[in-house]
Amino acid sequence: MVWYSLLHEPESRSLSEEPGRSLTQLLGRARAIALRAAAGGATTGEIARAAGVSASAASRHATVLRDAGLTTTVRNGPSVLHTLTPTGASVLRAALADVEDGPGR
């Protein structure tokens, strides 16, 4: 078992990989992809493209993730950047470990 500090961020991975069945079941497909996208920092438009949803739907998903404490949002003019919080990074890391190790290991 590997232990990380709460400030450890997961390594960047391809957004085309599924975030993991358990995470998708917990959050729903679009929110799981939005969480994965936020791992590397993503604008609302990038989340929309990655999840295959409209910009307004991506914004709603990002708001739910932020309200749950999994992401943080910073506005810079018209752009909004979403990144993971330490809690969001832990949730994503656990889901990705489940995919790599197989469930129940």
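Which residues have the most contacts inside the largest nonpolar core? They are Leu23, Leu27, Leu35, Ile47, Leu65, Leu84 and Leu92, and the core has 18 residues. A nonpolar core here is a set of buried Ala, Val, Leu, Ile, Met, Phe, Trp, Tyr and Cys residues joined through side-chain atoms within 4.5 Å. Buried means under 20% relative accessible area, exposed means over 50%, and partly exposed is in between, with a 1.4 Å probe and protein chains only.

Before going on, the ground rules. This is a predicted model, in which local features need pLDDT of at least 70 and side-chain atom pairs count only at pLDDT 80 or more, while totals for chains, interfaces and linings use all residues. Residues are numbered from 1 along each chain as its sequence is written, and side-chain values use heavy atoms, with hydrogens and water left out.

Now the overall layout. The chain contains five helices and three strands, and along the sequence they follow the pattern α-α-β-α-α-β-β-α. Helices (H or I, at least four residues) and strands (E, at least two) are DSSP runs, numbered from the N terminus. Of the chain's 105 residues, 34% count as buried. Take the contacts between residues at least 6 apart in sequence: 51% of them join residues at least 24 apart. Contact means heavy atoms within 4.5 Å.

Helix H1 (21–27), H2, H3, H4 and helix H5 (86–101) each supply at least two of its residues. H2 gives the most, with five residues. As background, nonpolar side chains in soluble globular proteins tend to be buried together.

So look at H2, which covers residues 29–38. Eight of its ten residues are buried, namely Ala30, Ala32, Ile33, Ala34, Leu35, Arg36, Ala37 and Ala38. Note that Arg36 is on that list. What does Leu35 contact, leaving aside its neighbours within four places in sequence? The partners are Leu23, Leu27, Leu65, Leu70, Thr71, Leu84, Gly88, Val91 and Leu92.

Next, helix packing. H2 packs against helix H4 (residues 55–67) at an angle of about 70 degrees, with the axes 10 Å apart. Axes are lines fitted to C-alpha atoms, for helices over the stretch in contact, and angles run from 0 to 180 degrees between N-to-C directions. H2 and H4 are therefore roughly perpendicular. On that scale, under 35 degrees is roughly parallel, over 145 roughly antiparallel, 65 to 115 roughly perpendicular, and the rest oblique. H2 brings Ala30, Arg31, Ala34 and Leu35 to the contact, and H4 brings His61, Val64 and Leu65. Those residues divide into five nonpolar, one polar and one charged. For that count, Ala, Val, Leu, Ile, Met, Phe, Trp, Tyr, Cys and Pro are nonpolar, Asp, Glu, Lys and Arg are charged, and the others, Gly among them, are polar.

H4 also meets helix H3 (residues 44–51), where the axes come within 8 Å and cross at roughly 105 degrees. That makes H3 roughly perpendicular to H4. Thr44, Ile47 and Ala48 of H3 meet Ala55, Ala58 and Ser59 of H4. This contact has four nonpolar residues, two polar and no charged.

Is Ala48 buried or exposed? Ala48 counts as buried, at 7% relative accessibility. Ala48 and Ala58 are ten residues apart in sequence, and their C-alpha atoms are 5.0 Å apart. Ala48 also touches Val53, Ser54 and Ala55, again leaving aside neighbours within four places.

Last, the sheet. Three strands form an open sheet in the order E1-E3-E2, with antiparallel pairing. Two strands pair if DSSP finds at least two bridges between them. Strand E1 (42–43) and strand E2 (71–76) stand at the edges with a single partner strand each, so one side of each has no neighbour in the sheet. E2 and strand E3 (residues 79–84) pair over six bridges, and one of the bridge pairs is Thr72 with Thr83. Their hairpin has two residues between the strands, and Gly77 takes a positive phi near 65 degrees there.

Thr85 is buried, with a relative accessible area of 16%. Beyond residues up to four places away, Thr85 touches Gly69, Leu70, Thr71 and Thr72.
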